[in-house]
Amino acid sequence: MKNADDTAGETSQLRRQAEERLSKAEAEMSRPLTGEEAQRLYHELQVHQIELEMQNAELRQSRNEVEEALEKYTGLYDFAPVGYFTLTRDTGIVAVNLTGAGLLGSGRSRLIGRPFELFVAEESRASFTAFLGKVFAGQIKQTCEVALLKEGNNRLFVQIEALSDTPGNECRAAVIDITERRRAEDALAEKRRELEELNRTLKSRIVQAVVELREKDQMLILQDRRAVMGEMINNIAHQWRQPLNSLGLYIQELPLDISSGTFSAETAEIYVDKCMQLITHMSQTIDDFRSFFRSDKKIVPFGVAQVIRQTISMVEKSYLDQRIRISFATEGDPRVTGFPNEYAQVLLNILMNARDELVGRDVDDALISIHAAENGGKSIVTIADNAGGIAPEILDRLFDPYFTTKEPDKGTGVGLFMSQTIIEKNMGGRLTVRNTGNGAEFRIEV
Ligand SMILES: Nc1ncnc2c1ncn2[C@@H]1O[C@H](COP(=O)(O)OP(=O)(O)OP(=O)(O)O)[C@@H](O)[C@H]1O
Ligand SMILES: [Mg+2]
C-alpha cells in the first residue's frame, strides 16, 4: 500500500508538470492576456486541476484495489491445499507456493532454480521425464502419479497435473499429495488379492471339508453300529435259546429210545433231519446277523418291506420276552435306492428306543406298529409306539448329537443323530418325529 510521502511526491510532480505546460502555453501566445482572458484561463485551470485531482484519487483507489487483490491472491496461491510449481525445461523450479515447498520438505528460496527431478524417487524418474516431455510438447493438460522423496528421505505419492504455456518454455504444475489414497488403494488391492486367493481355494477347501465331514459321519455310523452289535448279540442269544433247547431235548430222547428198543434206522433219520433243520436255522440266524453288520459299500435298489421284515426277525424274540409286540403292514412294495444295512440300522435304533421307553415306563400291552407305503415316488415308513410320547420341550433336540435322557451307561445320545445322518445325508431322505397321543411316531421318507 502507498504511504503519505508517496502521495505528496506524486502531487508535487504533477504540479510541476502543470506549471511547465502553462508557461509553455503563455510563451506561445503573441500578446499578453487581457484581464478578462486571464480570468477565464484561471478558471479553466482551476477546473482542470480539480479534474486531475479527481483522476488522481481514482487512480489511487484502483491501485489500492489492485494491491489488495494481489495480497489476496498471493495468500490463495501460497496457502492453497495443492502445491503449485512453475517449472522450466532448463532451469527447473521458477516459482512455488508454500504448500508446494512443504511437500518437498524445503524452504522456498532453496528450491528456486533446482530441477524438480531431484525430488522424484528413483523408480518414478523415467515416467516423470516422459511426462514432462509430453507437457512441453503440447498445450494439453497432462497427468501423472509419481513417488517423491522429501528432504529427510520421507516418501510420498503425488499426482501432478501440468500444462505448458504457448511457447512451451514454462509449465505450471499442480501437485496433490495422494499418499493416503495410495496406501488405502494398496491395502484394498492387497485385500482383493487375498479375497481372490480365498475364492480360488474355497471350492477345493469346501470339497475337502465335505470329505472330512463325511469321514467323520462314517466313523460315527460305525461307532453306532458297534453299539447296536452289543444289542444284537443279545438277540442272537434269544434266537438260539429255543432251537438249542429243542436240540438238547432230541439228544436227551435218544438214549430213552435206544433203551426202550424203539430206535431204528428210520427213527435215526428222523432225528438227524430234525436236528439238521434246527442247526441250519441257527446257522442262518448267524448269517443274517453277519450280513447285517457288513458295511454297505455301494448304493443299491432294495425293497423296504424286506429290510423291515429282516430287522423285525432279528429282534422279535427278545422283544416278545419283554412282552413287546411288533406289528407290520405294507401297502405295495415301496422301493428305495440306497444302503440297505444302514437303513436297517436306522430301524433298529428306532426300535431300540421304543423298547427302552416301553420297558422303562412299564407299559401294558406294549406295541410297536410299523407301516410302509409309497407316496409320490417316495417310500414312507412310520414306526409308532404306545409308550406315551416325547416331552414337548425336548422334541426339537431329539436329533442333536449326544442328546439323551438316559443314564450314562444306558445311552450316549448318538442313535437318532446317526439315524438322521444316514437317512438325510447318505440317502437324501428325511427322518422326523411327532407325538401321536399315546406315543411317539418316527417317519422315514426316502
Ligand atoms: N420312542 C420314543 N419315545 C420317547 N422318547 C424317545 C423315543 N425315542 C427316543 N426318545 C428320546 O430321545 C433321546 C435320544 O435318543 P437317541 O437314540 O438319540 O439316544 P439314546 O437312545 O438316549 O442313546 P443311544 O441311542 O446313543 O444309546 C432318548 O434319550 C429319549 O429321551
Ligand atoms: Mg437310542
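This report walks through a predicted model, from its overall layout to its helices, hairpins, ligand shell and a few single residues.

## Reading the model

Residues are counted from 1 along each chain as its sequence is written, while chains are lettered from A and ligands numbered from 1 in the order in which they are written. Since the model is predicted, local features need a pLDDT of at least 70 and side-chain atom pairs count only at pLDDT 80 or more, whereas totals for chains, interfaces and linings use all residues.

## Layout of the chain

Ser23 and Phe116 are 93 residues apart along the chain, and their C-alpha atoms are separated by 61 Å. For Glu170 and Val94, 76 residues apart along the chain, the C-alpha separation is 8.8 Å.

## Two helices to look at

Helices (H or I, at least four residues) and strands (E, at least two) are DSSP runs, numbered from the N terminus. Helix 6 covers residues 179–260, and its 82 residues should span 122 Å at 1.5 Å a residue; the end C-alpha atoms are 117 Å apart, which agrees. The expected span is 1.5 Å times one less than the number of residues. Along the way, helix 6 has a kink of about 40 degrees centred on Leu202, where the bend is the angle between axes fitted to the seven residues ending at a residue and the seven starting there. Just after helix 6, Gly261 takes a positive phi of about 75 degrees.

How many of the 82 residues of helix 6 are buried? The number is five, so helix 6 lies largely in the open. A residue is buried if 20 or more other C-beta atoms lie within 10 Å of its own, exposed if 12 or fewer, and partly exposed in between, with C-beta atoms placed from the backbone. The buried residues of helix 6 are Ile221, Asp224, Met232, Asn235 and Gln239. Helix 2 (residues 35–78) has 44 residues and reaches 63 Å from its first C-alpha to its last, close to the 64 Å expected.

Two strands pair if DSSP finds at least two bridges between them. Strand 3 (residues 142–149) and strand 4 (residues 155–164) are antiparallel partners over eight bridges, and Val146 stands opposite Val158 in strand 4. Their hairpin has five residues between the strands, and Gly152 there takes a positive phi near 95 degrees.

Further along, strand 11 (residues 430–435) pairs with strand 12 (residues 440–445), again in the antiparallel sense, over six bridges. Arg430 has Glu445 in strand 12 as its bridge partner. Four residues lie between strand 11 and strand 12 in this hairpin, and Gly437 in the turn has a positive phi of about 130 degrees.

## Around ligand 1

Which residues are closest to ligand 1? They are Asn353, Thr404, Gly411, Gly415 and Leu416, out of 21 residues that surround ligand 1; a residue is near a molecule or strand if its C-beta atom, placed from the backbone, lies within 6 Å of it. Helix 9 (340–360) and helix 10 (415–426) each supply at least two residues of the shell, and the largest share, four residues, comes from helix 9.

The shell holds 10 nonpolar, eight polar and three charged residues. Here Ala, Val, Leu, Ile, Met, Phe, Trp, Tyr, Cys and Pro count as nonpolar, Asp, Glu, Lys and Arg as charged, and the others, Gly among them, as polar.

## Single residues worth a visit

Arg323 has a positive phi of about 60 degrees although it is not a glycine. Arg323 sits in the loop between helix 8 (304–321) and strand 7 (324–330), and with 13 C-beta neighbours inside 10 Å it counts as partly exposed. Tyr402, also not a glycine, has a positive phi of about 65 degrees.

Is Leu358 buried or exposed? Leu358 is buried, because 24 other C-beta atoms lie within 10 Å, and its place is in helix 9.
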